[in-house]
Amino acid sequence: MRNFNFLKAGLGFYTALFITFLYAPFVVMGILSFQAGPEGGPQFPIIEWSTYWYQHVLGIAPPSRVAPLPIAEALTRSLTLAFATMVVSTVLGTLTAQAFRRHFKGSGFVFYLVVLGMMVPGVLLGLGMALVADQVGIARTWWGTAFVLHVVYTYPFAFLVMLAIFNRFDSSVEEAAWALGVPPGRTFRKITFPLIFPGVLSAMLFAFTLSYDEFPRTLFTGGSEVTMPIAIYGTFAVEIHPNLFAFGVLTTVFSFALLSVYGLLMAASVRRAKTKGIGVQEDIE
Amino acid sequence: MSAVEPADSAGHAADRSGFMQKYGHFLLLAPGVIWMILFLVVPLLMMLYVSFWTQSTFSISPDLTVKSWVTFFSSETYFGALLRTLRIWLTVLVLTFVIGYPAALFIGQHVRNKTVQTILLVACVIPFWTSFLIRVLAWRPMLGKEGAINIVLQKFGLISQPIEVLLFTELSVIIGMVQIYVVFMVGPIAFMLARIDDSLIEAARDLGASSWRIFRKVIFPLSLPGVVVGAIFVSVMVLGEFATASALSGRKVNLLGNIIVTQVGSLKWAFAAVIGVVLTFVMAVVIIGLLRVVNLRREL
């Protein structure tokens, strides 16, 4: 038993090291984002602590030789794209998962067809779509060719999340509603949806995050109007500056805010399920 | 609501449920399936088709030829890139497993409190909220000649000269990829480990099995589906990679993905398509091989 505790302590220590390893670049990014500007580069040592690069990102720093990140347009595009992708892929994922609640012929084929979407590397899909667009004569745009690929990528995640939710779903409540003559649409709205809501939220979160950060697919299909990741990728070729790190810190903080909203919604939904569980019956009437 | 109405809508429901029974499934499945066929299957087939087109300097024409294929397999550079991609993929796969498994073991098996378990897993996922590309770039000031690692090591007197092989080499690409993808290995494994019934392990212990034997005979086999799922995640991501390589190798390490990007950049579509098909083939072999070990759908 003592041996076992020793092992546990060892593994615990290892896990702590492991998590440190995961956070290392994150910490470096945080430190270097406070590098002096505009002459300070993205490396150690810190010449002087300053918030210059944050001002630079927000566009309030005096003009310098470092080109500002195209935040206004690129970020708006990225957020719009992520939002649209989120809505479409969550709807598709829920529909497909709903169909999978009954066994049907060819379910294996559909399953792998959908899952293939998250398996195929973005660079391949981007290339394929660019070729198709080229031949059919469609212009490559972030809201067209890139958007459909974003959905191809995130829809499988939404589908898998919803599938897992439906697998643990007690369908007797639904059957009771049907038996009482409640129409399917209404049953879905009043019974099924509230029960699967946490799953829907997770699916939305997945889709939004993945789409927002997506770039190999967008690189080939996004056309000339860049999204945020493409704008960042563009700086790879030239020199990088700490403004990228400042931007990274800002977006991470923003993501945390989003995550907190998700957490609150989730908690609220769990609480509502607990208190309102008894009230479902009146709700159907 | 009147008393008549519910009965009425129930009648409608009966009609509709008859219709839904027959075609409901089809209606639920159709949007997703059509989307995937149009925007996933068609592009991939197009890629295969274009790989046989004739490439001239700046354009392609649909005259079928195997010229691009011959160029790929006879060129030292391109065939070398294939081998390099496979080598880096295998290295990263093994490293993510070796580094990730003990952490997953701790989170999934040794932490019995569900809340702590969730907190630890969330802690692993948080770095993902920073843009992928920025995370990759953050390795540069870590690994460079005057980077964080060299500064720390020199301060502790462990080395006298900065280690230069850390950045802009194959090693830096591997370090970066392992750090970025290891979580995809940890997650599924921890998930499977957390599902193991405690009584199983207690039974084994009561019967006098040593910790190592329990691990080998009970815990590891039960975690295998997680390992396979993790391996699939890591494999598909690493095989399709190009950004990490171009950011951390100073464009010295060219993976198949990098070559596709370069070829597309210079409008060599047919040639890019050839590499795309090769990459697809490699991935298909890898995934099918891994799926032989475990039935993914049954494990969900």
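In chain B, 69% of the contacts with a separation of 6 or more are accounted for by residues 24 or more positions apart, where two residues are in contact if their C-beta atoms, placed from the backbone, lie within 7 Å. For chain A, 76% of the contacts between residues at least 6 apart in sequence join residues at least 24 apart. This is a predicted model, in which local features need pLDDT of at least 70 and side-chain atom pairs count only at pLDDT 80 or more, while totals for chains, interfaces and linings use all residues. Residues are numbered from 1 along each chain as its sequence is written, and chains are lettered from A and ligands numbered from 1 in the order in which they are written.

## The two chains

Chain A has twelve helices and zero strands, helices being DSSP runs of H or I with at least four residues and strands DSSP runs of E with at least two, numbered from the N terminus. The radius of gyration of chain A is 24 Å, well over the 19 Å that the globule rule gives for 285 residues, so chain A is more spread out than a compact globule; the radius is taken over C-alpha atoms, and the rule is 2.2 Å times the number of residues to the power 0.38. Chain B contains 14 helices and two strands, and its radius of gyration is 26 Å, whereas a compact globule of 300 residues would have one near 19 Å.

| Chain | Span of the C-alpha trace |
|---|---|
| Chain A | about 75 × 70 × 40 Å |
| Chain B | about 85 × 70 × 40 Å |

Of the 285 residues of chain A, 40% count as buried, and in chain B buried residues make up 43% of the 300 residues. A residue is buried if 20 or more other C-beta atoms lie within 10 Å of its own, exposed if 12 or fewer, and partly exposed in between, with C-beta atoms placed from the backbone.

The mean pLDDT of chain A is 84, and 95% of its residues reach 70 or more; pLDDT is the predictor's confidence in each residue, from 0 to 100. Over residues 278-285 of chain A, however, pLDDT stays under 50, and the model has six contacts beyond four places in sequence for this stretch.

## Domains

Domain bounds come from an automatic or database domain assignment, which for chain A gives domain 1 (2-58) and domain 2 (71-240). The centres of these two domains of chain A, taken over C-alpha atoms, are separated by 32 Å. Chain B is divided into domain 1 (1-50) and domain 2 (68-299), and their C-alpha centres lie 38 Å apart. The contact between them takes four residues from domain 1 of chain B and six residues from domain 2 of chain B. On the side of domain 1 of chain B that touches domain 2 of chain B there are four nonpolar, no polar and no charged residues, given that Ala, Val, Leu, Ile, Met, Phe, Trp, Tyr, Cys and Pro count as nonpolar, Asp, Glu, Lys and Arg as charged, and the others, Gly among them, as polar.

## Interface and core

Between the chains, 73 residues of chain A are in contact with 75 residues of chain B. Several helices of chain A each supply at least two residues of the side that touches chain B, including α3 (71-99), α6 (145-167) and α11 (243-276), while α1(A) gives the most, with 19 residues. By class, the residues of this side of chain A divide into 55 nonpolar, 15 polar and three charged.

A nonpolar core is a set of buried Ala, Val, Leu, Ile, Met, Phe, Trp, Tyr and Cys residues joined through C-beta atoms within 7 Å. Of the 156 residues in the largest such core, Leu127(A), Val152(A), Ala158(A), Ala273(B) and Ile275(B) touch the most other members, and helix α8 (residues 170-194) of chain B gives the most to this core, with 15 residues. Leaving aside its neighbours within four places in sequence, Val152(A) is in contact with Gly117(A) and Leu125(A), and also with Met36(B), Phe39(B) and Leu40(B).

## Two loop residues

Glu39(A) is placed in the loop between α1 and α2 (52-58) of chain A, and it counts as exposed, with 12 C-beta neighbours inside 10 Å. The C-alpha atoms of Glu39(A) and Ser64(A), which are 25 residues apart along the chain, are separated by 9.5 Å.

Leu267(B) lies in the loop between α12 (256-265) and α13 (269-293) of chain B, and it has a positive phi of about 60° although it is not a glycine. Most residues other than glycine have a negative phi. Leu267(B) is partly exposed, with 15 other C-beta atoms within 10 Å.
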